[in-house]
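Hi,

Here is the structure I promised to hand over. My notes follow below it.

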Amino acid sequence: MCHLLGISVGKELVPHETTIYKFRHLMKRPNMGGELFRLANVYLDENGLTLNRGTIGDATCSTNHKPRQRDSDIASTQKGKQ
C-alpha cells in the first residue's frame with residue numbers, strides 16, 4: 001500500500017484504516033468514478049496532458065481461429081534464407 005501511494009513509512013503519516021474504508025465506500029456513490037475521471041482530466045488539461053477512456057482486450061486468448069488468406073499485394077522479405 002505504501003508503494004502504491006508513494007508513502008515512506010517512518011517519514012510520512014500513513015492513512016488510518018478507517019480513512020481507506022470511508023474512501024472505499026465513497027467510491028460506491030453513483031457516478032463517483034465519472035466525477036473523479038472528469039476532475040483528473042481537468043487537472044491533466046491544465047498541465048498540457050490528456051487521458052481518454054478505452055477498452056483493453058487480451059489478444060492472447062482469442063477464440064477467432066478463422067484461416068486467413070494471404071494478400072497477394074503484400075511482399076515478403078527474407079533474412080539469411082529464412
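Start with helix 3: Arg38 and Glu35 both lie in it, three residues apart, about one turn of the helix. Helices here are DSSP runs of H or I with at least four residues, strands are E runs of at least two, and numbering starts at the N terminus. Arg38 forms a salt bridge with Glu35, with the closest N and O atoms 2.8 Å apart. The rule asks for a side-chain nitrogen of Lys or Arg within 4 Å of a carboxyl oxygen of Asp or Glu. By that rule the count is one salt bridge. Arg38 is partly exposed at 43% relative accessible area, and Glu35 is partly exposed at 30%. Buried means under 20%, exposed over 50%, partly exposed in between (1.4 Å probe, protein chains only).

The model is predicted: local features need pLDDT of at least 70, side-chain atom pairs count only at pLDDT 80 or more, and totals for chains, interfaces and linings use all residues. Residues are numbered from 1 along each chain as its sequence is written, and side-chain values use heavy atoms, leaving out hydrogens and water.

Now the fold. The protein chain has three helices and zero strands, in the pattern α-α-α. Of its 82 residues, 4% count as buried.

Last, the surface. Phe23, Leu26, Met27, Leu36 and Leu39 form a nonpolar patch with about 400 Å² of accessible area together. Patch residues have over 30% relative accessible area and no salt bridge; nonpolar side chains (Val, Leu, Ile, Met, Phe, Trp, Tyr) are joined within 5 Å, like charges within 9 Å. Areas come from the Shrake-Rupley method with a 1.4 Å probe; for residues, only the protein chains shown count as cover. Helix 2 (17–26) and helix 3 (32–46) each supply at least two patch residues.

Best wishes
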